[in-house]
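Please open the structure in your viewer and keep the selection panel at hand. The stops below proceed from one selection to the next.

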Amino acid sequence: QVQLVESGGGVVQPGGSLRLSCAASGRIFTINTMNWYRQAPGKERELVARITGGGSVDYVDSVKGRFTISRDNAKNMVYLQMNSLKPEDTAVYYCNIIAARGSWDQFRSYWGRGTQVTISS
């Protein structure tokens with residue numbers, strides 16, 4: 001099995017920063033794309049940032065210039081540095097990877113359980 005564990009969430013004031021981490025473990029052969037999603041109360045889950053196996057990154061417009069996604073392939077980890085946080089960034093943040101468990105396996109989507117980020121004064 002593949003497990004994802006997020007950490008780094010919390011409560012910060014507007015303008016503050018947080019760094020989310022996601023550790024992938026278990027039977028992992030290779031990871032393609034690593035993503036961060038978020039879901040605010042009453043809203044649909046949205047893709048916030050993604051990073052491909054080759055290191056290409058993409059962000060939703062609302063976080064461009066404020067958030068940075070990165071990955072450590074040796075450790076099977078993905079990070080989300082969040083700066084200049086706004087109340088509208090409040091949400092549960094989920095880690096998602098597209099990975100294969102072996103050369104025999106197809107790529108599948110795996111999810112973490114999420115970490116709460118609250119921006120409040």
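**First stop: a strand pair**

Select β1 and strand β3 (residues 18-26), which pair in the antiparallel sense over six bridges. Strands here are DSSP runs (E, at least two residues), numbered from the N terminus, and two strands pair if DSSP finds at least two bridges between them. The model is a predicted one, in which local features need pLDDT of at least 70 and side-chain atom pairs count only at pLDDT 80 or more, while totals for chains, interfaces and linings use all residues. Residues are numbered from 1 along each chain as its sequence is written, and side-chain values use heavy atoms, with hydrogens and water left out.

Within this pair, glutamate 6 has cysteine 22 of β3 as its bridge partner, and serine 7 has serine 21 of β3. Buried means under 20% relative accessible area, exposed over 50%, and partly exposed in between (1.4 Å probe, protein chains only).

**Second stop: the sheet**

Which residues form a disulfide? Select cysteine 22 and cysteine 95, whose sulfur atoms lie 2.1 Å apart; the criterion is a pair of cysteine sulfur atoms within 2.5 Å. The pair links distant parts of the chain, with cysteine 22 in strand β3 and cysteine 95 in strand β9, 73 residues apart. Both cysteine 22 and cysteine 95 are buried. A search of the whole structure finds one disulfide.

Next, select Trp36, Leu80, Met82, Tyr93 and Ile97, the residues with the most contacts inside the largest nonpolar core, which has 31 residues. Such a core is a set of buried Ala, Val, Leu, Ile, Met, Phe, Trp, Tyr and Cys residues joined through side-chain atoms within 4.5 Å. The largest share of this core, five residues, comes from β9. Centre the view on tyrosine 93, whose contacts (heavy atoms within 4.5 Å) include Glu6, Leu20, Trp36, Leu80 and Met82.

**Last stop: a loop**

Finally, select lysine 75, in the loop between β7 (67-72) and β8 (77-82). Lysine 75 counts as exposed because its relative accessibility is 55%.

How values were computed: Helix = DSSP H or I, 4+ residues; strand = E, 2+ residues; numbered from the N terminus. Lists of a residue's contacts leave out its neighbours within four places in sequence.
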